[in-house]
Amino acid sequence: MAKKKKRKKKRPQKRKQKRKKKRARPKVRRRRVRRRKAKRRKAKARKIGRGKGKARKAKPRRAKRRKAKKPKPRKKPEPPLRIDSFGFDRGRPLAGKYEIVSRLGGGWEGEVYKIRERSTGIERAAKFFFPQRNPNNRVLVWYAKKLHKLRTCPIVIQYQTQETITFRRRPITFLVSEYVEGELLSQFLDRQPGRRLSTFQALHLLYSLAAGIGSIHHLREYHGDLHTDNIIVQRYGLGFNLKLVDMFRWGTPKQENIQDDVCNLIRIFYDAVGGARHYAKLPPEAKDICCGLKRSLILKKFRTAGHLQRYLETIQWE
Ligand SMILES: Nc1ncnc2c1ncn2[C@@H]1O[C@H](COP(=O)(O)OP(=O)(O)O)[C@@H](O)[C@H]1O
Ligand SMILES: [Mg+2]
């Protein structure tokens, strides 16, 4: 028993001695530390990609990552497309639905074509806006909404739809409305004897215009560009059947816009009876309407087209 106990006691002593011995061999220890450090360095080098072997493969990976991080060069925005004429030929297909029949007119804002719906043969008018006059399609949308708001006014053309085509690799949207058969008021007046109407005829013309535009003013809206190239004479006899095209956007409707419409109406009447050349010889009833073309006098008499319409309904002839 005594022997056994002695052995048990000796063992921990031996370990202590061994540990002491280990600590006592600094050379070995330093070697181990050096090896460990070298190992760590190699591992680090491999990670960074500086070492031999695998490190070489790591290089392109880093390069790739760098490439991906580089910001992509932005595409240069295409310069705004400026068009002054579309010049579509007869038969040109449009949006797979319509085709060009003929050119009806054109101006500052765009070009208007007579088009035909291929499946039905129904003819329509299509207004193609020049892109510089219709940024972000705003003018077309405004025009479409206005035509829709005024759809109950018989003098206003009916809006149908809008379509888009590609022209010079850019999208161009066009507005489709009813096609009005008839003659421009400017052409109608030009072919009258002496290029003018009698006072009685001109009063009928003015009455039809005032009644039609009165319905627009009644809805607190305005036309904004009333002149003889924007009025189509559909039929005439004792009275006139008229349609208005091409409204102009002056912003949200104001009293001033309505007043401009009234003054333009009077100006159309003044031109229809012969203008300055014949003014002096006009009967007093006509002069009372023209008010010498003085804006303040006209607006004092006629606040809206509706007032002018009622004035004409009760006019007294001397
Ligand atoms: N709905 C239509 N039906 C028949 N002809 C039209 C129609 N719309 C326009 N036009 C014709 O096209 C011409 C030009 O149209 P308009 O809308 O006045 O454009 P612009 O901005 O070029 O003045 C008009 O003067 C008229 O002769
Ligand atoms: Mg016009």
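A residue is near a molecule or strand if its C-beta atom, placed from the backbone, lies within 6 Å of it. This is a predicted model, where local features need pLDDT of at least 70, side-chain atom pairs count only at pLDDT 80 or more, and totals for chains, interfaces and linings use all residues. Residues are numbered from 1 along each chain as its sequence is written, and chains are lettered from A and ligands numbered from 1 in the order in which they are written.

I start with the ligand. Ligand 1 is surrounded by 20 residues, and the closest are Gly105, Gly107, Val112, Ala125 and Asp246. The shell splits into 9 nonpolar, 6 polar and 5 charged residues; Ala, Val, Leu, Ile, Met, Phe, Trp, Tyr, Cys and Pro count as nonpolar, Asp, Glu, Lys and Arg as charged, and the others, Gly among them, as polar. Strands here are DSSP runs of E, at least two residues, and helices are runs of H or I, at least four, numbered from the N terminus. The strand that gives the most to the shell is β2, with 3 residues.

Next, the sheet. Two strands pair if DSSP finds at least two bridges between them. The sheet is open, with 6 strands in the order β1-β2-β3-β4-β6-β5 and antiparallel pairing. β1 (93-94) and β5 (159-167) each have a single partner strand, so one side of each lacks a neighbour in the sheet.

Last, Leu209, in helix α6 (residues 199-218). Is Leu209 buried or exposed? Leu209 is buried because it has 26 C-beta neighbours inside 10 Å; the cut-offs are 20 or more for buried, 12 or fewer for exposed, and partly exposed in between, with C-beta atoms placed from the backbone.
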